[in-house]
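Here are some exercises to work through with the model open beside you. Try each one yourself before you read the solution.

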There are 2 protein chains.
Amino acid sequence: MYLAKIHVNYKRSILNPEAQAVQTALLRLGYQDVASVKLGKYFELKLTNAQSKEQAAKEVDEICDRLLANVNMESYYYQLEELVVAE
Amino acid sequence: MYLAKIHVNYKRSILNPEAQAVQTALLRLGYQDVASVKLGKYFELKLTNAQSKEQAAKEVDEICDRLLANVNMESYYYQLEELVVAE
């Protein structure tokens with residue numbers, strides 16, 4: 001079993017209005033020193049069938065490309081952790 | 001300068017309909033082995049004034065409690081990285 005920790009963020013070239021709204025709100029709350037705000041989605045998926053890290057990576061790439069990320073506007077990266085199932 | 005990497009997730013006791021929708025969609029796409037899906041928000045903030053890690057942590061806690069997280073339904077954790085500014 002593998003745990004996939006997936007970050008999906010807007011590509012640098014894409015304006016993120018939500019992140020801008022957060023930065024504006026922070027300024028209004030008096031936090032003048034927040035130079036930049038990045039905002040993205042974070043997924044954790046438990047994959048029960050993958051027998052190897054390569055197999056888990058292949059599945060996560062597919063899942064990201066087909067569902068979790070809009071590959072036109074977003075990029076993703078992930079870490080894979082092997083989960084030891086207690087016998 | 002410090003970079004705060006902040007994860008904001010629903011508390012365990014709170015049902016996350018968006019995460020459920022992702023899991024249902026994955027099942028429909030044929031990924032039967034995705035045992036669980038967790039979905040949250042990920043922020044990166046650059047803090048220019050903090051002079052120490054403790055000061056940066058204090059500011060991030062305040063920012064999370066006041067804006068980034070709904071503390072009734074969400075919990076947050078973060079890592080702080082010191083950024084060396086090129087002279």
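**Exercise 1. Is Glu81(B) buried, partly exposed or exposed?**

Start with the cut-offs: buried means under 20% relative accessible area, exposed means over 50%, and partly exposed is in between (1.4 Å probe, protein chains only). Glu81(B) has a relative accessible area of 36%, so it is partly exposed.

Before you go on, some ground rules. This is a predicted model, where local features need pLDDT of at least 70 and side-chain atom pairs count only at pLDDT 80 or more, while totals for chains, interfaces and linings use all residues. Residues are numbered from 1 along each chain as its sequence is written, chains are lettered from A and ligands numbered from 1 in the order in which they are written, and side-chain values use heavy atoms, with hydrogens and water left out.

**Exercise 2. Find the salt-bridge partner of Glu81(B), and say where the two residues sit.**

Step 1: A salt bridge is a side-chain nitrogen of Lys or Arg within 4 Å of a carboxyl oxygen of Asp or Glu. The general idea is that side chains of opposite charge can pair when their charged atoms come close.

Step 2: name the partner. Glu81(B) pairs with Lys5(B), and their closest N and O atoms are 3.1 Å apart.

Step 3: Helices (H or I, at least four residues) and strands (E, at least two) are DSSP runs, numbered from the N terminus. Lys5(B) is in strand E1 of chain B and Glu81(B) is in strand E3 (residues 74-82), so this pair, 76 residues apart, links distant parts of the chain.

Step 4: check the accessibility of the partner. Lys5(B) comes out at 22%, which means partly exposed.

**Exercise 3. Describe the salt bridge between Glu62(A) and Lys58(A).**

Step 1: look at the distance. The closest N and O atoms of this pair are 3.6 Å apart.

Step 2: look at the element. Both residues belong to helix H2 (residues 53-68) of chain A, and they are four residues apart, about one turn of the helix.

Step 3: compare the labels. Glu62(A) is partly exposed at 32%, whereas Lys58(A), at 56%, is exposed.

**Exercise 4. How many salt bridges cross the interface of chain B and chain A, and which residues form them?**

Step 1: count. The whole structure has eight salt bridges over all chains, and two are found across the interface of chain B and chain A.

Step 2: name the pairs. Glu44(B) forms a salt bridge with Lys38(A), at 3.9 Å between the closest N and O atoms. Glu44(B) lies in strand E2 of chain B and Lys38(A) in strand E2 (residues 34-47) of chain A, so the pair joins two chains. Glu44(A) and Lys38(B) also meet in a salt bridge, with 3.9 Å from N to O.

Step 3: Glu44(B) is buried at 12%, while Lys38(A) is partly exposed at 41%.

**Exercise 5. What does the interface between chain B and chain A look like in numbers?**

Step 1: count contacts, meaning heavy atoms within 4.5 Å. In chain B, 32 residues are in contact with 32 residues of chain A.

Step 2: find the buried area, which is the accessible area (1.4 Å probe) that two parts lose on being put together, summed over both. That gives about 2900 Å², and carbon and sulfur atoms give 58% of it. On the side of chain B, Tyr31(B), Asp33(B) and Tyr42(B) lose the most area to chain A, together 22% of what that side buries.
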